[in-house]
Amino acid sequence: MWRGLWTLVSRAARGPHSPRLCTRQGSGYRAPGSGATIFALSSGQGRCGIAVIRTSGPASGHALQSLTAPRDLPPARKACLRLLSDPRSGEPLDRALVLWFPGPQSFTGEDCAEFHVHGGPAVVSGVLQALGSVPGLRPAEAGEFTRRAFAHGKLSLTEVEGLADLIHAETEAQRRQALRQLDGELGDLCRGWAETLTKALAHVEAYIDFSEDDNLEEGVLDQGGSPWGWEAETSGIQPPQVLLLSLSFPPSTADSEVRKLEVALGVHLRDARRGQRLRSGAHVVVAGPPNAGKSSLVNLLSRKPVSIVSPEPGTTRDVLETPVDLAGFPALLSDTAGLREGVGPVEQEGVRRAQKRLEQADLILAVLDASDLASPASCNFLDTVVIPAGARNPNGSRQRLLLVLNKSDLLPAGRSDLHPDLPSHLLLSCLTGEGLDGLLEALKKELAALCGDPSTGPLLTRSRHQHHLRGCLDALGQYKQAKDLALAAEALRVARGHLSHLTGGGGTEEILDIIFQDFCVGK
């Protein structure tokens, strides 16, 4: 029996990483040239008060001693003021703070050193040249520090992506989402799912391995309780933690756990577009009849003169796009041509492009002139765009639209009966700015629904995440349809493999290159 048990141990041990500990195992991937010691400027280019230069690799300690000779290495993780000198000529370079991070307790898991120097270009250049003269050191490539952290198990692949998103974050919502992913929320969720599959796989393989020899009762896949009548005690033998998890069977069954996992995966896959919008920006299209104030609204929201504003109808003839921060959320704001008929061929092409963008929009800002609601152009826009958008899909998946009545400063004081059949709307004056706070609050609510709230849980921010969760869900579907227990076990292994790939296990070189190419040199 114990020979068969250890077969189960070895199979279970091939699963995903066990729950996170303070020190992780390596990813199994070795960064290119990871035996060399690298150095780079890690802070921004240009003049600044302090610039940070760091190294990573086995020669980091030698490099630090070479530039601070004859002093010894400073205490680990304590800042010390040292005079930096060129190791070739002995010429003083700067008086700087230096830090020593012996591996594996460092960002990359290797020996690391940091030089906090004054940020003048001459100082930075002198220190970089001095480091380049130390034997065994070479300049770092883009993203190489983080790549080494991944290779040494300091970061999972989802955390690496979170770090990249944090570096590129431009809005409050993007920062919060990236920080939560860097903290490991998505990776922890995937590891929890993988643990569920490990337990289910243990059920299946236990029945395959022990049903004949140990007379396990049939129906172990659809009955509760443990098929064994003993606890996880091995008389001194230490099985992997993943087996301990599988031997303490909960009062739920393999099939029921798989069904729960299917539901959870389905929820996240249906919600995947929100995370991608949060990372890349929601598409917000400003549309309306000519001279309604669309270009003025785009300039007001972007806080810069993106579009030409003129009383002449038809000034905007093409789609003008600008990325903006709307109430803390990223958005791609599109100014479109005024929708009308009977115009020249150039403006007609602009109208056609505007209508196409309306179909692709995540959110429509429909703009009308509050002082001219009875005009044919306004009525036609209400009938063809505003009202259909609100009633297009009765199942609740309608296209999101905010109706904005601009030029409220032209309305008579106290006037409230603008139009008897007018849908819910917001009053705004692009000239005076009155009503802007209300519009931004409405935009925040709509964009939060479109992009998701990072505080509610992990979001899928990349198509890679969606691909692996879809593959996991498909494999679980094959598990349910399998008539043979061996095929059912294989389907569970495939599903678990997709979750492992999502967090970084077994990642291919091409995928890693794509992910790390977004990092700057020095990170």
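This briefing covers the overall make-up of one protein chain and two of its helix pairs. The model is predicted. The protein chain holds 17 helices and 12 strands. Two packed helices are described by the angle between their axes and the distance between the axes.

**The chain as a whole**
- Of the 523 residues in the protein chain, 48% are buried.
- The accessible surface of the chain is about 25000 Å². Carbon and sulfur atoms account for 52% of that surface.
- Take the contacts between residues at least 6 apart in sequence: 68% of them join residues at least 24 apart.

**Helices α11 and α14**
- Helix α11 spans residues 294-302, and helix α14 spans residues 436-451.
- Their axes come within 12 Å and cross at roughly 80°.
- Angles of 65 to 115 degrees count as roughly perpendicular, so α11 and α14 are roughly perpendicular to each other.
- From α11, the contact uses Leu-297, Leu-300 and Leu-301. From α14, it uses Leu-436, Leu-439, Leu-440 and Leu-443.
- The contact residues of α11 and α14 comprise 7 nonpolar, no polar and no charged.

**Helices α15 and α16**
- Helix α15 covers residues 463-481, and helix α16 covers residues 485-503.
- The axes of α15 and α16 come within 8 Å and cross at roughly 170°.
- Angles over 145 degrees count as roughly antiparallel, so α15 and α16 are roughly antiparallel to each other.
- Residues of α15 in the contact include Arg-464, His-465, Leu-469, Cys-472 and Tyr-479. Those of α16 include Ala-488, Leu-492, Val-494, His-498 and Leu-502.
- The contact residues of α15 and α16 divide into 12 nonpolar, 6 polar and 1 charged.

Definitions and conventions:
Residues numbered from 1 in each chain as written. Predicted model: local features only at pLDDT ≥ 70, side-chain atom pairs only at ≥ 80, totals over all residues. Heavy atoms only, no water. Axes fitted to C-alpha atoms, helices over the stretch in contact; angles between N-to-C directions. Helix = DSSP H or I, 4+ residues; strand = E, 2+ residues; numbered from the N terminus. Parallel < 35°, antiparallel > 145°, perpendicular 65-115°, else oblique. Contact = heavy atoms within 4.5 Å. Nonpolar A, V, L, I, M, F, W, Y, C, P; charged D, E, K, R; others polar. Buried < 20%, exposed > 50% of the residue type's maximum accessible area, 1.4 Å probe, protein only. Areas by Shrake-Rupley, 256 points an atom, 1.4 Å probe, with all protein chains shown as cover.
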